[in-house]
Every structure is written in structure tokens, then in C-alpha cells.
Amino acid sequence: MFTRRHMMGAAAALSLLAGAGAAFAQDVYVPLISKGFQHQFWQAVKKGADKAGQELGVRVTFDGPDNETQVDKQIDMLSAALANKPAAIGIAALDSQALIPQLKQAQDAGIPVIAFDSGVESDIPVTTAATENKAAAALAADKLGEMIGGEGKVAVIAHSQATQTGIDRRDGFVDEMKAKFPNIEIVAIEFGDGDHLKSTEITKALLAANPDIKGIFGTNEGSAIGVLNGVREMGSKTVVVGFDSGKAQKDAIRSGEMAGAVTQNPVGIGYETVKAAVAATKGETLPKTIDTGFYWYDKTNIDDPQIAAVLYD
Amino acid sequence: MSDTTAKEDGTTTRAALAGGAYQKLLAFAGLIVLVVGFSLASPSFLQTANIISILQATSVNGVLAVGVTLIIITGGIDLSIGTLMTFCAVMSGVVLTWLGAPLPAGVVVAIATGALVGTISGTLVAKAKIPPFIATLGMMLVLKGMSLIVTGTKPIYFNETEGYTAISQGSLIGRMIPQFPLPNGVLVLFVVASVVAWILGRTVLGRYTFALGSNEEAVRLSGVNTDRWKIGIYARAGAIVGIAGVLISSRLNSAQPALGLGYELEAIAAVVIGGTTLSGGRGTILGTVIGALIMSVLTNGLRVMSVAPEWQTVVTGLIIIAAVYADQLRRRGAA
């Protein structure tokens, strides 16, 4: 009997929630399905999306699975979002291939799909709002090249040779180095899966084999921290350049152990996605990709408001 | 109601089923309340496409939950079902995509892998006397690692196996009734649940499953080889998990090696909401299926209502606690 009363309580609570849901029912609705929602990076994306939603007068929701392995949960989220007949939809695909049936469903229903953060291997999305990773990594190459005086040996510890971001950051860095600093030799390109420990071990082995390496680029947060730890453990004076932020990386940059890093602009990713979604509902033509921007940061500008806004712990 | 609770601790299946029937009714009422509530809250909720996506989302968790119900009725637990599901999917991928075997071979291998691992877990529990929680916790981690090792951490896609995605995503019913393209995965859940319900209600294995959970010692003293039956139950549950492995990989068109952790808890939650007690001896398959439906109706409904994901988690947690609390009240009344 107790429980029946509880059920009624739950029902009452639900109907309250229901009222809140129905109040929004008429306006333009743009759901964003991300790869997660609890990491600071995604929270920053959400912030940008909410800001654009407010400015453009559309209702934006942000949902994502608990972690980046839950491909099936993301499909369920996309299905639920489609059931709500959205004006447009934003998706950061965990696995493009697994999402194809739902994306086709969106296409058939005439709902424009905007890919964000990373591309979808399909021509269904009308545009992709993401960091131009090649250009971002090229910026890291420029900075590192200048810092070591345009000559000597450097290495890259990349996070992945399977994902597009890993490949683009590696290529962007390597191509820029070759083009701009002919006297710099890239002695190694290794892959540490973005894993701290693995990247540390690789860095130590590299430094043992080539003590004269002048600079190392770690292509994401995990790689950068791994490189930093390896350099630290070897007592090396090698210049370390990183990517993204996170507390450890920010601390190392403040203390000068890490020379600097390239940060993406997650707020911009969210903002541009919603902006593109609204444009798509109005039938405007969009470029195939939207560069959401990136910045170089180091000890000197880490506290600038513009930089601090895109960094996360 | 009071006359059924009086017989709560009886070892006969009839008493066990009657005890479960009350909770089942409660769970069913809960499901109806949720469906009605969400329908009023959002016009999108009760549309065919959304109903189908709810059922589709239930299929994998439902099959897992049906499998683990068997084990929970014996008074055991299996924490490895999530990662075992993934491992079975991976083995199917190895056979189909890497070795190029025909489709049925992949399904058979997935189910056989599940049964084999279930046998190992059952042996660890029954013969080696390792508590089920620990044995299957260990197995959960072993299997997670094995999936990553076998695949080299990358997903295996089923693009070369024609018809694999149809196992879950195709729709036999949709061919007959185009307005209601119910995915095959839901049919699989229906068949698995029916067969297991029949086993539990009508066979010796079913009777021993309840008996082991009620009073294992008494069963053993009456001359039954309890170890053998217990291992058999874990093996069958494993085979069912193998079916879930086929369903999820068919749905994703890939075996995702990193996926799986956490799915065991969702399945166990569905079982508990459906009125099966974790202390064993009592439970029903229909209750479990309703429990799994409650879980996915809740998740989908909250999402359709655009409730923030943080709150979705909170609400789901509260529902699970409420369901177990109901169970506790009932058992206290019985004691």
C-alpha cells in the first residue's frame, strides 16, 4: 500500500515536470547530441550552444552518453530527439557508421543535421562545425619552431592513428614544420593512444635514444601530460608543446615546465553548431565545414579573459 | 495480498510465483503510470516511431535482464553480463568479418562463447566456492580486457556480412504491417523471454532454480547435485547474454570493444524493478521484461520531455530505490 502511494507521488511529480516541458512546445527546437556531457570540454560546448540559443531565440537541449564507449545510448538519444520533431539536429558522432539509420531517418523527415566536434562519414550532415585540426597543429609547429631557433630535432607523440583528429594534428604539425623550418628534423612520430602512462614511456625511450631532441609535441591532453611526465622523469630540458587544456597542463604552463599549448574553442563549437542549425532551417546554404577556431596560449596570456573562457580544468 | 505474503518464504514455485505476482502487478501499474504521464507531457511520446524506438532500446537490456534473472533467482548475481555481451559480439565479429564465415556461424559462436563463459563463472561459484559477486566481478574485468585485446581496441564492423544488421534492425512484422515496423530485436526479446518463462515455470530446471535460491542446503541434502544444476543455470544465462551480444552488434553494425561496463547494472536494475529479489528464490520473467520496459520508457520519456541528462540520472536512480524499498517492505511484512 505504501508503495502505491509512492507511485502516485511519482506520478504527481511527473505531471509537474510535464507542465514545464509543454510550456516550450511551440518554438523552434534544436537538440544537440554530444559525445558526453559531464566533461568540462562538453560543458563548454553546451555553454556556447545555450548562448546561441538565447541570442537566436531557439530552444536548445544538450544530451550525451556517460562515456564515449556508449554508442548504442547515443543512438537511443538521437531517436528520442527525432521523435520530438526538431527543426534541426546537432550530432557529435561516436561512431558514424552506427548512426547511419537514424541520420537517414532525419534526412527523410527533412530535418537538417549539423555535425559538430568531429565529422560524420556521410554526406547527410549539411555542415560540420569543428576545430580545423590541421591548422591548429600547424600553429603548434610555428611556435615550437620559433622557440628552438628553427633547427634541431623534434618529435611528435600523437594520440591516435585511427581517428581523424589524431591524423590531422600529426599531419598539420609535420607539414608545417617541413614547409617552414627546413632545418628542423622530425626524428619520431609515435602513438600513445592519449594515455598518460603510455605516452610517458614512449617519451622516455625517445629521449634515451635521442638526448638532443629539442622539442616534443603532444597532440591531445593525455599525450601532452605523458610527454611532460617523461621529460620530467628524464630530467631533460626539451621544450614541450601541448594541445587542449585540463588542470595538469594549465599548471605546467603556468610554472613554465610546458612552453605552451593550442586550445580548441569548445564554446565556439557549441555556438556555431546552433547558429548553423538555425541557418539550415531557413534554407540558407552553409559551407561544408565551419572552423570554430583555436588559440595558442602560454604563461603570458593564460589569464586573458578570451583565453580563460575556452580553457577548462 | 496478505495471504500471499504469508507464504513468502515457502520453497515451492507456486508461492514464489504468487509473491512475484504482486510485485509484477505493481511494476505493471508503474509502467502504465509512466506511459500515461509521458503521453500527457509530450505529444511526441506516444507516436509509433517513438514507441518503436523505446521497444528497440529495451531489446538488448531486456535480453540481458532475462538472462541474469535466472542467476538472481538462485540467489547469485552476475556482474560480467555487460562485458560478456561485448565479448560475444567481438567473437561474432572475428568469425564473420575476419574469417569470412557465413552469418549463422557468427550467431552460433556468440551464443556458444556466452555459454562457455557462463559455465566457467558457474564453476567458479559452485565448485571453487567463490562468492558470485567476486567471481563475476573478476570475470567482468577479464572479459573487458579480452575484448580490447582481441580487437586491438578498434571496433569490428559487419559490413561484409549481408543481413547481419537485419537481425536487430530489420522488421519481419513491418513486412506484414507496414504501419508498425517493429524491429526484429524486439521479437528476439519476446521469444527469449517466452522460452525462459517456460523453463522456469514448467521444467525441472526451473523448479531447481527457485529451490536453489530458497534453500540450497535442503536441495543438496535431498540428494540433488546442486553444483551441476547451478553451473547449468550460469551456462544458460551466458548463452542468453550471447544473444544480447548478437543483438547489440547487429544494431550498431559493429562490435564495440570498449562498450559493456555498466550494462550489467542496468539489467540488474530491471530485474529488481520487476520484483525479483536479490536474495533469491523468487522472481518472474514477465516482471523482468516489465522492469526493462520501465527503464527504457523512463529514459526515453525524460529525454522526449527534454529533461537535462543530470536529472534523468537522478530520476532513474530514485525509481530503482523506490522499487527495492517496496520489495523490502513486503519481505519485512512476511517475516
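1. In strand β1 of chain A, A:Tyr29, A:Pro31 and A:Ile33 point one way while A:Val30 and A:Leu32 point the other way, and all of them are buried. A residue is called buried here if 20 or more other C-beta atoms lie within 10 Å of its own, exposed if 12 or fewer do, and partly exposed in between, with the C-beta atoms placed from the backbone. The strand covers residues 29-33, and five of its five residues are buried, which leaves β1(A) mostly covered. Strands (E, at least two residues) and helices (H or I, at least four) are DSSP runs numbered from the N terminus.

2. This is a predicted model, in which local features need pLDDT of at least 70 and side-chain atom pairs count only at pLDDT 80 or more, while totals for chains, interfaces and linings use all residues. Residues are numbered from 1 along each chain as its sequence is written, and chains are lettered from A and ligands numbered from 1 in the order in which they are written.

3. Which strand does β1(A) pair with? Five bridges join β1(A) to strand β2 (residues 59-63) of chain A, and the two run parallel; two strands are said to pair if DSSP finds at least two bridges between them. Within this pairing, A:Leu32 stands opposite A:Phe62 in β2(A).

4. For chain A as a whole, the secondary structure comes to 11 helices and 12 strands, and the C-alpha atoms fill a box of roughly 70 × 55 × 35 Å, taken along the principal axes. Buried residues make up 53% of the 313 residues in chain A. Two residues are in contact if their C-beta atoms, placed from the backbone, lie within 7 Å, and among contacts in chain A between residues at least 6 apart in sequence, 73% join residues at least 24 apart.

5. The domain assignment of chain A gives domain 1 (26-131 + 267-293) and domain 2 (133-264), with bounds that come from an automatic or database domain assignment. The centres of these two domains, taken over C-alpha atoms, are separated by 31 Å.

6. Helix α8 (residues 221-234) of chain A has 14 residues and reaches 20 Å from its first C-alpha to its last, close to the 20 Å expected at 1.5 Å a residue; the expected span is 1.5 Å times one less than the number of residues. After α8(A) comes A:Gly235, whose phi is positive, near 65°.

7. Because 14 of its 16 residues are buried, α10(A) is largely enclosed by the rest of the structure. This helix is followed by A:Gly283, whose phi is positive, near 80°.

8. Most residues other than glycine have a negative phi. A:Asp244, however, has a positive phi of about 65° although it is not a glycine, and it is found in the loop between β9 and α9 of chain A. A:Asp244 counts as buried because it has 24 C-beta neighbours inside 10 Å. In chain B, B:Asn253 likewise has a positive phi, of about 55°, without being a glycine; B:Asn253 lies in the loop between α11 and β2 (254-255) of chain B and is buried, with 22 other C-beta atoms within 10 Å.

9. Chain B has 14 helices and two strands, and buried residues make up 56% of its 335 residues. Is B:Gln179 buried or exposed? With 6 C-beta neighbours inside 10 Å, B:Gln179 counts as exposed, and its place is in the loop between α8 (172-176) and α9 (184-202) of chain B.

10. The contact between the chains takes 37 residues from chain B and 31 residues from chain A. On the side of chain B that touches chain A, α2(B) gives the most, with seven residues. The residues of that side divide into 21 nonpolar, 13 polar and three charged, where Ala, Val, Leu, Ile, Met, Phe, Trp, Tyr, Cys and Pro count as nonpolar, Asp, Glu, Lys and Arg as charged, and the others, Gly among them, as polar.
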